[in-house]
Every structure is written in C-alpha cells, then in structure tokens.
Amino acid sequence: MRCESVSLQLAEIADGLNRLPLDAERHVESCLRCQAELVQYRRLLRALTGLRGQYLAPDDGLLEDILAALRPPATVHRLHRRSRKAAYLGGIAAAATAGAAGAIVIASRLAARQSLAS
Amino acid sequence: MLESADVDELVESAKAGDHLAFEQLVRLTYTDTYTLAYRLVGDEEDARDVVQETYLRAHKGLKRFRGDAQFSTWLHRITANCANTYLGRRGRHSHDLLPDDPVIADLNPQRDPEQRVGLGDLRDQLSAALLELPPKLRAVVVLRDIYDLPHETIADQLGITESAAKVRLHRARKRLRERLYPLGEEEEARAV
C-alpha cells in the first residue's frame, strides 16, 4: 500500500469516529510519513474545535438593523404614521416661513422704491 | 454564560407571541450567528445580510421549533441554509468569484517574509486558511468541525447528499492540512 492512497482516509479518520481499513492501518503503523500526517490532522481538528469559542464582533448597527427588521407591522405603521405627520407639519412650517420671507422681501423693496421716489 | 433554561424560557415566551422575548433571544445570540455567517460567506457585508435573513426566518418559523435540538443549533442550521442560498445567488450574479479549485498560497512564515509578521498562532493561520477555501468546501468543514453539526443536517441544509458532504469535508481537511503544514514541517510533526 502507498502513502498516497491512505492520505484522504487519514482526513476521514482523524476525528476518531471511524477506523482505517485493516491494510491501511497496517501501513500507517509502519510509515512515519503517514503517522506524521495523522498527527497534523489531529492538531488541525483541535484548532478547528478551538475556533468555536472565538466570536467576531459585528459593528454596532447590526443589532438595531435586525430588531428593526423584526419589528411587528403595527409598530412600523405607527412609526410611519408618526413620521408622515411630522413631514406634513414640517412642510406647513417651511411654506409659512417661505411666505413670510417673501412678504418681507416685497415690503422692503416697496419701502426702498418709496424712499427713492420721495 | 447563558443558561439553557433561560433560553428555553425565552423560546417558550417568544413562541407564545412575546415579541420582547424574541428580541432578547436575538440580543443573546446575534454575535454567535454573525460569526458563523462570516465564516460561511467570508465577507462582512454579506454576513450582515445573512444574519438578518436568518432572524427573519427564525421568527417566522419559531412555532415549528420543537426543542429537539438546542436553540443555538437550530439557529446554526438556519444560518447555514441562508448562507447557502446567499452564496448561490451571489454565484449566479457575480463573475469575479474565485475558481472552485484555486491554487493554495504558501503562507509558511519560514518561506514568506511578509507573513512572518502578522500571522500569529495556528488559529490565526487557520482562520485565514478557511477563508481561502472554496465556499463549498468551507461550509462543510465549518459546520462539521467547528460547529459540530451532524453530516445529515449539513447535507440537508446545503442541499447535497450525505456522502457528498463527507467527501467535501475530507477534501477541505486535506487542503487545510496542506496549507498549514507544508512539506517542510512534517519532520516537526513526526517529533510529536
């Protein structure tokens, strides 16, 4: 038996859940290269298991985004209604401000003309 | 650390329609879900999308959660499924993905001066190596060897047969081993 034909089987049995076929097992017992490979697979699996305890930190907005997406429709509607109401009021206020500003401009121009005429 | 009993209680309340209980479950689990999503899709923005989709599906399907497995395992399964769908969609719309069988770069610090600085221990190298695996291989090794999901569940969530899942797992492990232990290091491993 050759090392190449055992190689992928080592990847399979490294977690200890399966055993090698007898001929492969005999080969590994007498082959330092395959034994070394098996050790590397076991180290690899230990390191992979170790990654389970490592968490990546998402940026701050993620939780809020998830919760917003999950918000019940009623809440969303309420929020929409509120923001629509705010938009109407804002629009009215802006229009009133623009009207007042226009009136002031016209009044000041008229006053300027009158003072020139006199 | 989170007690299983607390989670079970929150799950029961959420199933009964308590929205705040579900929000609490999200708060307790979203970092874990994000970590898995990132490990599966390999990109922060994509991972965020996968996480959001995961919780929407979990919320919708919570009544079907029977409690046979832990809530976290159930979430992992949904995350895997969402990531798989997402990667499939991304694959159909993208033309610049890595090929399925890319050449593995030699990141042995002994041979690459740039890598001598930065790559610390084996876990750092392993995290980098995982991200270089083709997504199909990466998904299986992440779900099996990090998150301990059974082959059957992995196959189910990825839409492949159990034997295909096993073959991918062995190929992924082989790639990772070759990447982390290039030939020059075999002598060292023999000494262990």
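Among the contacts in chain A between residues at least 6 apart in sequence, 52% join residues at least 24 apart, and in chain B the corresponding share is 63%. These values, like those that follow, come from a predicted model, for which the predictor gives the complex an ipTM of 0.77 and a pTM of 0.73. Chain A contains five helices and zero strands, and its pattern along the sequence reads α-α-α-α-α. Of its 118 residues, 14% count as buried. Chain B, with 192 residues, has 35% of them buried; it comprises 10 helices and zero strands, in the order α-α-α-α-α-α-α-α-α-α.

Helix 7 of chain B has the highest confidence, at a mean of 97, whereas helix 5 (residues 113–116) of chain B has the lowest, at 42. Over residues 95–120 of chain B the pLDDT stays under 50, although the model has 27 contacts beyond four places in sequence for this stretch. Where pLDDT is low, the predicted coordinates should not be read in detail.

The domain assignment divides chain B into domain 1, covering residues 1–94, and domain 2, covering residues 105–184. Between these domains, 10 residues of domain 1 of chain B are in contact with 13 residues of domain 2 of chain B. On the side of domain 1 that touches domain 2, helix 2 (19–41) and helix 4 (71–93) of chain B each supply at least two residues, and the largest share, six residues, comes from helix 4 of chain B. In terms of residue class, this side of domain 1 of chain B has four nonpolar, four polar and two charged residues.

The largest nonpolar core has 56 residues, of which B:Ala37, B:Val41, B:Ala83 and B:Val140 touch the most other members. Helix 2 of chain B gives the largest share of this core, 10 residues. Both domain 1 (1–94) and domain 2 (105–184) of chain B give residues to this core, and it therefore lies between them. In soluble globular proteins, nonpolar side chains tend to be buried together.

The interface between the chains brings 31 residues of chain A into contact with 35 residues of chain B. Helix 1 (3–13), helix 3 (32–51) and helix 4 (61–70) of chain A each supply at least two residues of the side of chain A that touches chain B, and the largest share of that side, 13 residues, comes from helix 3 of chain A. By class, the side of chain A that touches chain B has 23 nonpolar, four polar and four charged residues.

Helix 9 of chain B, which spans residues 162–180, has 19 residues and reaches 27 Å from its first C-alpha to its last, close to the 27 Å expected at 1.5 Å a residue. Its buried residues are B:Ala165, B:Arg168, B:Leu169, B:His170, B:Ala172, B:Arg173, B:Arg175, B:Leu176, B:Arg177 and B:Arg179. The buried residues of helix 9 of chain B pack against helix 6 (122–132), helix 7 and helix 8 of chain B, together with helix 1 and helix 3 of chain A.

Helix 1 of chain B, which covers residues 4–15, has 12 residues and reaches 16 Å from its first C-alpha to its last, close to the 16 Å expected at 1.5 Å a residue. This helix is followed by B:Gly17, whose phi is positive, near 105°. A positive phi of about 60° is also found at B:Asp148, although this residue is not a glycine. Most residues other than glycine have a negative phi. B:Asp148 is found in the loop between helix 7 (135–146) and helix 8 (151–158) of chain B, and, because 12 or fewer neighbours make a residue exposed, B:Asp148 counts as exposed with 11 C-beta neighbours inside 10 Å.

Technical notes. Residues numbered from 1 in each chain as written. Chains lettered and ligands numbered in written order. Predicted model: local features only at pLDDT ≥ 70, side-chain atom pairs only at ≥ 80, totals over all residues. Domains from an automatic or database assignment. Contact = placed C-beta atoms within 7 Å. Helix = DSSP H or I, 4+ residues; strand = E, 2+ residues; numbered from the N terminus. Nonpolar A, V, L, I, M, F, W, Y, C, P; charged D, E, K, R; others polar. Core = buried A, V, L, I, M, F, W, Y, C linked by C-beta atoms within 7 Å. Buried ≥ 20, exposed ≤ 12 C-beta atoms within 10 Å, placed from the backbone. Expected span 1.5 Å × (residues − 1). pLDDT = per-residue confidence, 0-100.
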